[in-house]
Every structure is written in C-alpha cells, then in structure tokens.
Amino acid sequence: MNPTREELRQKIVLLVADALDRDVAQVSPQASLIDDLGAESIDFLDLQFRIESDFGFKFTDEELWRGSFDPTDPRWVAGGRLTAAAVEQVRRRQPDFAWERFAAGIAVADLPRLLTVDTIVDHLERRWAQDHGAPAG
Amino acid sequence: MPASPLIAPDRRRVVVTGVGLVTTLGGSCEEIRSRLAAGEVAASRPVTGAPGLRLATIAGFEARPHFRQPKALKLTDRKTQLAVAAAALAVADAGLTEEVSRDDWAIVLGCSASDLQCAELARALGPLDPAAPERAVDDLPFFAERLLGGLNPLWLLINLPNMVGAHVGIQLASHGPNHTLTGDWIAGTQALGEAWLAIAGGEREVALAGGADAPLDPFDLGALATRHTTAGGAPFLVAEGAAVWVLEEREHARQRGARTLGEIRGYASTAAIGGDLSGALQRAARGALGGADEPWDEHPATTRAEIHRRLGHALAASGPIDGALLLAEWAAVEGAESAAAGLLLAVGTLGQCAALALAGPGRP
C-alpha cells in the first residue's frame with residue numbers, strides 16, 4: 001500500500017531526530033537541517049544510508065537536496081547564483097521556510113541549506129511515483 | 001648503566017595532577033583499592049563457547065554527560081566513549097578549568113585495535129555466495145555493492161584506529177598533538193610514557209594520557225579465548241574500562257596551584273626479540289630507572305630473579321589500560337606524603353614491554 005505523505009513525514013522526522021541527536025519535537029518539517037538542526041556533511045551520509053535502508057532504494061546526496069530543481073539549467077542559475085525565476089520556484093516549493101536568511105539571494109552552494117524534512121519527503125514521493133508508477137498516498 | 005638515550009640530561013620534571021577512572025570496580029583510586037583489598041571481583045557473565053572466560057561490563061555507564069557534542073556519540077564505539085568520559089573526569093579532577101588554555105595539550109591514549117563493530121559487519125555482509133570472497137578481492141563493483149553497499153558509511157569513522165584519541169581531543173577542544181597507540185596490552189603504559197617524553201623533552205606543558213578498552217566483541221574474545229585455552233584454562237575475567245591521567249610540567253602545575261598526585265621519572269619500551277621476555281623486561285626496567293636517575297643495580301626490581309617473580313603478576317595484570325590502572329593503584333598505596341619510588345612493568349601478548357619509573361609527590 002502506498003504510504004501517505006504524513007506517514008512519510010513521520011518516518012523522516014524520526015530518522016532525522018535520531019541521526020542529528022535531536023528531540024523529535026525539535027524537528028519541524030520546515031526546519032533547515034543545516035541551519036536549524038546542526039547537520040554537517042557527515043550527517044548527510046548517515047541520513048542517506050538510513051533512508052536508503054528504510055525505503056529500499058539508492059539515490060545520490062545531490063538528489064536529496066536538489067529536489068526538482070536542476071542547478072545546471074541556465075534558466076535557473078547565473079554566475080553561481082539562482083535566478084529570480086529559480087528563487088521564486090524554490091520559495092513556492094517551501095512556503096514556510098525561513099527565507100529571511102536568504103534576503104541577499106541564494107547561491108548554488110547554499111542549496112543544501114534548504115534541505116528540510118519536507119524536501120526529503122518531496123523526493124521520496126517523486127521516487128515512489130517513479131518506481132511504482134503512482135504517487136505516494 | 002647510562003641513562004636511556006631517549007632521555008635528555010636536562011629533562012624537565014613531570015607530575016601527575018589528575019585522574020579519571022571508569023572501571024568495573026569504581027571511579028576513584030580509593031574505591032578501586034578498597035574493593036580489591038576486600039577481594040571483590042567485578043560482576044561478570046560467562047562467554048558462550050569459552051568455559052572459564054568471563055566478561056565484566058560497567059553497569060549503568062552513560063557516555064552522554066561527558067560529551068560536549070552529543071551528536072558525536074554515533075561516531076564512537078564503546079572504548080572511545082569510555083576514554084572520553086575518563087578524560088573529562090581527569091581534567092575536572094586536575095582542576096583544569098576552561099580558563100587554562102587547551103590549545104597545546106598532548107593527548108596520548110592506548111587501546112587494542114578496533115573491534116570492527118561485528119554486529120554491523122554481519123548485517124552488511126549478509127549471506128554470501130561461495131565465490132564471494134574471491135570476487136571481493138579483485139572485482140571492485142562487486143566489493144562495493146555486496147560488501148560496502150550494506151555498510152553504514154559511518155562504520156569506517158567509528159573503526160579508524162586513531163578515533164580514541166581523536167574524540168577525546170574533539171570533546172575537550174584540544175588542538176595539540178593527538179596520538180592513539182594500539183600496542184595492544186601495553187598501550188596504556190606506552191601512552192603514559194610517550195606523554196611523559198613530550199613534557200620532559202620540553203615540547204608540551206600538559207598531556208592527557210592513559211588507556212581505554214572494551215574487548216567484548218567476537219574478534220577480541222576469540223583471541224582471548226585462544227590465549228585462555230593455551231594458558232591452561234584458568235579462570236580469566238575480561239573487563240572494560242578507561243583510565244586517563246593528567247601529566248604536567250612541574251612548574252606549570254605549581255604556578256596554577258595544582259595538587260600533585262605523584263611523578264613519572266622515567267620510561268622505556270622494549271621488545272622480546274628471540275623470545276627473551278625477562279631480558280626485555282629487564283631492559284625496560286633499567287631504561288626507565290636510568291631515566292629516573294635511580295641506582296638501577298641496587299633496585300630489586302631490576303634483578304633477573306625479581307623480574308621472573310613479577311612476571312606472573314605482570315602478565316596477569318596486563319591489558320591496554322593496565323599501566324594506567326596500576327598507576328592508580330600505586331597512587332592510592334603511596335598516598336600524598338610518600339616519596340617512595342616505584343616501578344611499573346607491562347607486558348604485551350607479543351613480547352612488547354614497557355616500564356615507567358614513578359615517585360611520590362614528596363620526592364625532591
């Protein structure tokens with residue numbers, strides 16, 4: 001049976017809390033794993049492994065933070081920074097994110113800072129649809 | 001007998017100013033000594049398939065309170081957690097507050113080799129086809145998929161051999177030289193000796209040194225079971241624990257008003273080439289006492305007969321933390337007023353030997 005989005009979210013909250021040594025209550029779906037929860041590069045390796053083990057498929061760490069956004073597409077990136085159209089897209093995708101941190105714009109190198117529980121859930125839903133031919137939930 | 005060539009004539013004095021103990025028999029020199037004196041033995045459980053071999057673990061040990069960054073717990077195995085705890089306790093015992101710069105502290109710790117996280121390895125390997133071992137050697141994609149693919153990427157970081165010292169340094173925010181010695185059963189004694197050399201030679205003012213181990217996994221137990229069998233199957237208790245000491249240059253300790261538990265006066269390490277274990281022990285003892293400027297030929301511990309007499313005890317007591325624990329015992333026995341000299345001998349399973357010359361705090 002397809003997992004619902006809420007089921008996926010609850011699962012990822014637990015994985016993130018465990019990997020980052022946080023209380024579950026601290027892991028809000030829109031919290032930045034890096035800026036709010038203190039994730040470091042090594043934690044992403046750990047998280048990726050935990051998610052792969054739990055969900056039974058492999059993915060790259062770039063897939064995890066990139067989501068539906070392609071940073072190699074010139075429509076979205078200019079001079080190492082996201083274009084206005086790209087910023088609008090990511091803001092629309094994460095409406096509850098603390099965007100005031102990026103008042104001066106978003107560099108490609110900042111993209112991992114956008115990773116949240118919900119962006120991971122987004123990725124899992126895409127993978128579920130890709131692997132099973134139907135959206136999760 | 002000339003002094004050990006490792007020891008410069010103008011070496012500095014090195015005192016012990018703090019201790020951190022995490023053991024199956026308690027957390028202080030006094031408690032360990034009184035429980036040993038009462039004939040108490042740590043609570044233990046048998047090892048399946050190894051009659052006579054028993055394991056003792058530290059009940060209720062909690063590593064988290066000793067970690068400045070608790071997230072690092074997932075990167076540590078049991079012996080590293082014990083080492084971090086003992087180091088934190090030693091620093092507190094020495095009165096080394098945050099105001100004392102930690103930038104240049106040397107950290108030298110001994111342990112046995114990595115335990116490789118057997119349960120994790122077993123999960124990752126899973127059922128292998130008969131050809132798998134051969135393919136894993138020369139077929140890299142197969143190796144990556146079948147072996148590494150199922151292994152948490154943190155596994156390597158947990159099992160790197162230098163992680164014991166590294167995590168102590170990280171948690172104490174100490175940025176000086178950092179070494180983990182894996183000289184097996186004499187590693188703790190060697191660590192104390194190497195730290196002594198760093199201070200006596202003028203390189204450092206403060207060092208944390210000692211040993212930590214938790215030889216409770218199948219790799220360690222397999223080796224111990226073999227040793228136990230070849231030794232005649234006498235009852236053999238394997239315990240985990242850690243002992244870390246704060247060593248300081250004497251003037252540095254005086255200037256900050258530190259309490260002095262004792263002094264390390266000399267150190268030497270040797271190997272039993274050709275199987276002459278008593279000779280190796282004798283050379284180690286002479287080297288350490290030479291460094292302490294003791295009249296070695298008058299010291300009863302350096303005669304071959306005395307070495308033989310002590311050998312049984314040394315072998316029985318050996319382990320990666322042996323030196324540090326026996327130093328604890330020595331400190332408790334000698335007490336604060338004693339100026340008596342002592343000699344600590346440690347013997348490894350492959351004939352490695354190490355010796356430390358010790359003195360009480362009242363010695364001129």
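Leaving aside residues up to four places away in sequence, which residues does B:Trp155 touch? The close-ups below come from a predicted model, and the opening view takes up that question.

**View 1. B:Trp155 and its contacts in chain B.** Here B:Trp155 touches B:Gln117 and B:Glu120, once residues up to four places away in sequence are set aside. You can find B:Trp155 in helix 6 (residues 154–159) of chain B. B:Trp155 counts as partly exposed because 15 other C-beta atoms lie within 10 Å.

**View 2. Helix 5 of chain A, residues 117–132.** This helix has 16 residues, and its first and last C-alpha are 22 Å apart, close to the 22 Å expected at 1.5 Å a residue. Look for its buried residues, among them A:Val117, A:Ile120, A:His123 and A:Leu124. After helix 5 comes A:Gly133, with a positive phi near 75 degrees.

**View 3. B:Ala86 in the largest nonpolar core.** The core holds 81 residues, and B:Ala86 and B:Ala355 touch the most other members. Helix 2 (residues 78–93) of chain B gives the largest share, 10 residues. Beyond its neighbours within four places in sequence, B:Ala86 is in contact with residues including B:Leu21, B:Val22, B:Ala212 and B:Val244. Another core, of 24 residues, lies apart from this one and includes A:Ala31, A:Leu47, A:Ala86 and A:Leu114.

**View 4. The contact between chain A and chain B.** Six residues from chain A meet six residues from chain B here. On the chain A side, three residues are nonpolar, one is polar and two are charged.

Terms used:
Residues numbered from 1 in each chain as written. Chains lettered and ligands numbered in written order. Predicted model: local features only at pLDDT ≥ 70, side-chain atom pairs only at ≥ 80, totals over all residues. Contact = placed C-beta atoms within 7 Å. Nonpolar A, V, L, I, M, F, W, Y, C, P; charged D, E, K, R; others polar. Helix = DSSP H or I, 4+ residues; strand = E, 2+ residues; numbered from the N terminus. Expected span 1.5 Å × (residues − 1). Buried ≥ 20, exposed ≤ 12 C-beta atoms within 10 Å, placed from the backbone. Core = buried A, V, L, I, M, F, W, Y, C linked by C-beta atoms within 7 Å.
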